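The sequence and the structure are shown first, and the account of the fold and its side-chain contacts follows.

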Amino acid sequence: MINFVLPFIMQIGFATITLDDGHLIQAPFVQHGAISKTSGFVIRIGDMADIQSSLHGNSCLIRVSEIKARFELETESRVNRCEERLNVFRKSLDESTLLNQNLKLELKEERSKYKKLLIGSVVASVALTATTIFYATR
């Protein structure tokens with residue numbers, strides 16, 4: 001096969017690599033020891049066949065599935081981290097809600113005690129004033 005491909009490439013002067021999307025890459029043929037006018041990478045004939053065979057067929061599907069798998073793992077990891085943070089916030093919210101309820105209950109009890117003390121002090125003041133007036137007028 002190489003005996004057939006090599007003379008064909010030498011006649012044309014370059015080898016064409018065709019990608020799945022139709023894009024063509026032309027690799028110029030450079031003989032061993034030749035000085036090139038341009039710099040770049042030289043692809044050996046065997047490597048070119050490997051590249052071309054890997055670019056055709058299911059290679060795009062394999063790449064897409066690998067990218068999708070990495071994306072799903074990253075997404076799952078981010079969702080887990082967000083859930084952990086959300087659980088911390090929920091716990092803090094639950095604790096704050098419970099504390100708020102306890103404080104409201106204490107405030108209600110304090111207001112009740114305040115009203116009782118206020119009524120008691122008003123009654124005591126009235127009684128003291130009445131007693132003072134009673135003994136003063138007698």
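## Side chains and fold of the predicted model

Leu118 has a relative accessibility of 41% and therefore counts as partly exposed. Leu118 lies in helix H3. Together with Tyr114, Val122 and Val126, Leu118 makes a nonpolar surface patch of about 390 Å². The model is a predicted one.

The overall architecture comprises three helices and two strands, arranged along the sequence in the pattern α-β-β-α-α. Helix H3 spans residues 59-136. The mean pLDDT of the protein is 80, and 67% of the residues reach 70 or more. Confidence is highest in helix H3, with a mean of 91, and lowest in helix H1 (residues 2-12), with a mean of 49. Where pLDDT is low, the predicted coordinates should not be read in detail.

Burial and surface can be considered next. The protein has 138 residues, of which 6% count as buried. Among contacts between residues at least 6 apart in sequence, 40% join residues at least 24 apart.

Which side chains meet in a salt bridge? The structure holds one such bridge, and its partners are Glu74 and Arg78, at 2.8 Å from N to O. Side chains of opposite charge can pair when their charged atoms come close. Glu74 and Arg78 are four residues apart in helix H3, which means that about one helical turn separates them. Glu74 is partly exposed, at a relative accessible area of 36%, and Arg78 is likewise partly exposed, at 48%.

The structure also holds one aromatic pair. The ring centres of Phe134 and Tyr135 are 5.3 Å apart and the ring planes stand at 70 degrees, so the pair is edge-to-face. An angle over 60 degrees is what this class requires. Tyr135 is exposed, with a relative accessible area of 55%.

The accessibility values of individual residues are collected below.

| Residue | Relative accessible area | Class |
|---|---|---|
| Glu74 | 36% | partly exposed |
| Arg78 | 48% | partly exposed |
| Leu118 | 41% | partly exposed |
| Tyr135 | 55% | exposed |

Tyr135 falls in the exposed class because its 55% is over the 50% cut-off.

How values were computed
Residues numbered from 1 in each chain as written. Heavy atoms only, no water. Salt bridge = Lys/Arg side-chain N within 4 Å of Asp/Glu carboxyl O. Buried < 20%, exposed > 50% of the residue type's maximum accessible area, 1.4 Å probe, protein only. pLDDT = per-residue confidence, 0-100. Patch = residues over 30% accessible without salt bridge, like charges linked within 9 Å, V, L, I, M, F, W, Y side chains within 5 Å. Areas by Shrake-Rupley, 256 points an atom, 1.4 Å probe, with all protein chains shown as cover. Phe/Tyr/Trp six-rings, centres within 6.5 Å; stacked < 30°, edge-to-face > 60°. Contact = heavy atoms within 4.5 Å.
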